[in-house]
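The sequence and structure are shown first.

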Amino acid sequence: AAVVEMQGITKTYRSGSGARTVEVHALRGVDLTIEQGEYVALMGPSGSGKSTLMHIIGLLDSPSGGSYRLGGRSVEGLSEVELARIRNRRVGFVFQAFFLLPRLTALHNVALPLVYRGVSSAERLKRAKAALESVGLGDRLDHLPSELSGGQKQRVAIARALVQEPDLLLADEPTGNLDSRSSEEILGLFDELHRQGKTIVMVTHEHDVGARAQRIVRLRDGRIADGGHP
Ligand code: ADP
Ligand code: ADP
C-alpha cells in the first residue's frame, strides 16, 4: 500500500502586497508515490523545493494545489486540529538539530509524545524503554542529552519519533550536525529500520548519504526530475 500519494502538488509563496506582490513557485506540480517499507532520499540543489515538499509530506504545511493522500487518506480540506491529530499519529520527525529537552533524561524525552496521546505513565515508560532499546540505547535510559554523544542524541530523537509507531519516519538532514563516525551510526540504524519494514523519507544534500537509501527522488526547480515512483 502507498503511504504517500501525491498528484500535481504545487506550492506558491506570496510576499509583499498589491503591485509589489512577489510570488515564488516553490513546487510546480509534484507527482510522488512512496510505498510502505520504502527508504527514500529526497535530494536536489538548494532552493529546489526539498524543505517545502518535506513540510507538505509531514502535514506541517498545506499545498496550494494538487491532491495528497497520506496512508490512503486524503488530507485535503482538513482543519488544523485534524491535520495535527493525523500528523501526531502517522508521522515521526527527525531533524538536524535533535530538539531534545535538556532537563529530561533520554527515557523521559522519548516518553513525552505519548503524554499527548493519553497513554498511562507506566505504559509510556515501558514503550519509551523499548524504543530506546530498539535504537541500541538500552544502557543510556537515565542519561541527560548533555551526557550523550551527537550520534546518541540523534538516536534518542529517532526513538522519540518511533515511539508512536508512525506510518512514516521523516528525517530532515539527519546527519547534518554529525561527524562522519556518528553519521555512519545513524545511517546504519536507518538500514536496520528499513530491514524491519519501516518507511523512511530522508532529505539530504549529501550524495554519499542519499546513496544509502533504496531510492533517490531528485527535485529540480520545484519538479521531480527523477525517481518519483517506486
Ligand atoms: P530547498 O529545501 O530545496 O532548499 P525550499 O523548499 O526551502 O528548497 O525552497 C524552495 C523555494 O521556495 C526557494 O526559492 C525558497 O526561497 C522559497 N521559499 C521557501 N520557503 C519560503 C517562504 N516561507 N516564503 C517565501 N519563499 C519561500
Ligand atoms: P532549511 O532548508 O534548512 O530547512 P528553511 O526551510 O528555513 O531552511 O528555508 C529554506 C529556504 O527558504 C532558504 O533558502 C530560505 O532563504 C528560504 N525562506 C525561508 N523562509 C522564507 C521567507 N519567509 N521568505 C523568503 N524565503 C524564505
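The model is a predicted one. Its largest pocket holds about 530 Å³ of space. The lining of that pocket comprises 19 residues, and those nearest its centre are Asn88, Phe93, Pro113, Arg160 and Gln164. By class, ten of the lining residues are nonpolar, four are polar and five are charged. The elements α2, β6, α3 and α5 each contribute at least two residues to the lining; the most come from α2, which gives four.

The residue ranges of these elements are as follows.

| Element of the lining | Residues |
|---|---|
| α2 | 80-90 |
| β6 | 91-94 |
| α3 | 106-115 |
| α5 | 150-162 |

Helix α6 runs over residues 180-195. With 16 residues at 1.5 Å a residue, α6 should span 22 Å, and the distance of 22 Å between its end C-alpha atoms therefore agrees with expectation. The buried residues of α6 are Ser182, Ser183, Ile186, Leu187, Leu189, Phe190 and Leu193. Viewed down the helix axis, the buried residues of α6 fall within an arc of 155°, so they line one face of the helix. The face turned away from this buried side carries Ser180, Arg181 and Arg195, which are exposed.

Several elements cover the buried residues of α6, including β3 (39-43), α4 (121-134), α5, β7 (168-172), β8 (200-203) and α7 (207-210). Just after α6, Gly197 adopts a positive phi of about 100°.

Notes: Residues are numbered from 1 along each chain as its sequence is written. Chains are lettered from A and ligands numbered from 1 in the order in which they are written. This is a predicted model: local features need pLDDT of at least 70, side-chain atom pairs count only at pLDDT 80 or more; totals for chains, interfaces and linings use all residues. Side-chain values use heavy atoms; hydrogens and water are left out. On a 1 Å grid over the protein atoms alone, a cavity is a set of points where a 1.4 Å probe fits but cannot get out, and a pocket is an open set with protein on both sides within 12 Å along at least five of seven lines; lining residues have an atom within 4 Å of a point. Grid points are joined across faces, edges and corners, and a volume is the space filled by probe spheres set on the points. Ala, Val, Leu, Ile, Met, Phe, Trp, Tyr, Cys and Pro count as nonpolar, Asp, Glu, Lys and Arg as charged, and the others, Gly among them, as polar. The expected span of a helix is 1.5 Å times one less than its number of residues. Buried means under 20% relative accessible area, exposed over 50%, partly exposed in between (1.4 Å probe, protein chains only). The arc is that of the directions from the helix axis to the C-beta atoms. Contact means heavy atoms within 4.5 Å.
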